[in-house]
Amino acid sequence: MYVCTANAATQNNCKLQHIKIVAIGDSVTQGGYIADEYSYRLALSKLLKQENYHVDFIGMQKAGFNPSFKWPADFDNENQGFYGATTLQVQQSLIIDLPKLTAPDFALIHLGNNDLGSLNAIKSVVLPMHAIILQLREHNPNVRILISQLHLNGYTAKYIRLHLDILAFFKSNLKSPILMVPHYKNWQDIDTFDGMHPSISGQHKMAKAWFDSFELLCIAN
């Protein structure tokens, strides 16, 4: 992946811009089903504001899985997260939704959880992920892409991480870099409600990992 951090302190132009971010994923992205399931997006939004980034989250989704779930009044809740969706299902939804959105500057992608039962992770995750990358670049050739390395640590999750790493390595470029975000690092059982969906502590861990990777791409040439 092409990332240069020379003179990083003077090259963070993201703080001088109004940044549009699309968060793409499944239930871990959408949230809003059980109590306190705000997803990583709320914690990330707060981090970005604290560090003086001017960010607009974009997407066709504007509610949690439970329509009556209460979000903070000032939270920008737009996203492309779909509870229970596979990577292919999300990729197909983007065919319809992406043209309706303003071109994003950054894409955060967390997918693969609902493909863990697949017998062919290349077909179910890697190929649709490649298609998502192409769709995003068609909308904005300079989009910066962050892909989650799943927070789970079973064999299939590790296999998916490995092959998404390979995909990112070969598809990243100077105009549209791809960075893998290691959400599995320092992950503990207490960081989920049910073994899958991040608890408050997990939401904050995920947000910090997204934020650190976001900043790295902001200072990269």
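**Entry 1: helix α2.** I looked up burial along α2 (residues 39–50) and found nine of its twelve residues buried, so the helix is largely enclosed by the rest of the structure. Buried here means under 20% relative accessible area, with exposed over 50% and partly exposed in between (1.4 Å probe, protein chains only). Helices (H or I, at least four residues) and strands (E, at least two) are DSSP runs, numbered from the N terminus. The buried set is Ser39, Tyr40, Arg41, Leu42, Ala43, Leu44, Ser45, Leu47 and Leu48.

What covers them? I find that the cover includes β1, α1 (27–30), β2 (54–58), β4 and α6 (200–218), where contact means heavy atoms within 4.5 Å. Just after α2, I noted a positive phi of about 65° at Asn52.

**Entry 2: ground rules.** I am working with a predicted model, in which local features need pLDDT of at least 70 and side-chain atom pairs count only at pLDDT 80 or more, while totals for chains, interfaces and linings use all residues. Residues are numbered from 1 along each chain as its sequence is written, and side-chain values use heavy atoms, leaving out hydrogens and water.

**Entry 3: the fold as a whole.** I count six helices and six strands, in the order β-α-α-β-β-α-β-α-β-α-β-α along the sequence. The C-alpha trace spans about 45 × 40 × 35 Å along its principal axes. Buried residues make up 52% of the 221. Of the contacts between residues at least 6 apart in sequence, 77% join residues at least 24 apart.

**Entry 4: the cores.** I then looked for nonpolar cores, meaning sets of buried Ala, Val, Leu, Ile, Met, Phe, Trp, Tyr and Cys residues joined through side-chain atoms within 4.5 Å. The largest has 31 residues, and those with the most contacts inside it are Ile24, Ile109, Leu136, Ile145, Ile147 and Leu164. Which element gives the largest share of this core? I see that α4 does, with seven residues.
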